[in-house]
Amino acid sequence: VADITSEPTPVISSALTATGTYGTAFSYFITATNAPSSYNATNLPAGLTVNSLTGEISGVLTAAPGNYSITLEATNAGGTGSNILDLTVQAKNLTVDGLTINNEVYDGNTTATYAGGTLIGVYSTDVVNFTGVANFNTKTVGTTKPVSITLTLNGAAAGNYTVTQLTGLTADITEKGLTITG
């Protein structure tokens, strides 16, 4: 027995891959052929909702970075058409502002210390901090000596972020005064 309808079932025609970034606004429109009257999406990552009249999936992505399979649906009098959207949520990149390298007195090694530094771009009330390991390029006395630093994120939400490593840092190593006795 054939099923005859007056209206063909919608066919999803929007792109089936999308990319968003954790902690930022996201928008995607479900589109379909054959004049859908409503839309739906299931298995949405945290922070997203679907507008059943326009087909817009929107919100601020608060799901952990990773890959998500979302079922898209478009419906009309002829039935419901569906397909899978593969959404990739990327980690949000943070920057560090206000970090400085401390000048040091010669001590025979390349270890450097730093002061300050604020993470820029953390979403809402996420708990994210950083630590760093800094080193002079050589242990010799000098001014404006290049210093490298490796920053590592930590805290409850650290997995949702990446951090831009700092470059162009410098500091001085000054001579160590010696005292002769005897």
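Accessible areas here come from the Shrake-Rupley method with a 1.4 Å probe, and for residues only the protein chains shown count as cover. By that method the chain has an accessible surface of about 10,100 Å², with 52% of it belonging to carbon and sulfur atoms.

A word on the model itself: it is predicted, so local features need pLDDT of at least 70 and side-chain atom pairs count only at pLDDT 80 or more, while totals for chains, interfaces and linings use all residues. Residues are numbered from 1 along each chain as its sequence is written, and side-chain values use heavy atoms, leaving out hydrogens and water.

**The whole chain**

Let's start with the overall picture. The chain holds 17 strands and zero helices; both are DSSP runs numbered from the N terminus, with at least two residues (E) for a strand and at least four (H or I) for a helix. Its C-alpha trace spans about 110 × 25 × 20 Å along the principal axes. The radius of gyration is 27 Å, whereas a compact globule of 182 residues would have one near 16 Å. That radius is taken over C-alpha atoms, and the globule rule is 2.2 Å times the number of residues to the power 0.38.

Of the 182 residues, 31% count as buried. Buried means under 20% relative accessible area, exposed means over 50%, and partly exposed lies in between (1.4 Å probe, protein chains only). Among contacts with a separation of 6 or more, 60% join residues 24 or more positions apart; a contact means heavy atoms within 4.5 Å.

**A buried leucine**

Now let's visit Leu85, which sits in strand 7 (residues 79–90). Leu85 counts as buried because its relative accessibility is 0%. What does Leu85 contact, leaving aside its neighbours within four places in sequence? Its partners include Ala15, Leu16, Tyr28, Tyr68 and Ile70. Ala32 lies 53 residues from Leu85 in sequence, and their C-alpha atoms are 13 Å apart in space.

Finally, compare two residues. Ala35 has a positive phi although it is not a glycine, and Ser124 is likewise a residue other than glycine with a positive phi.
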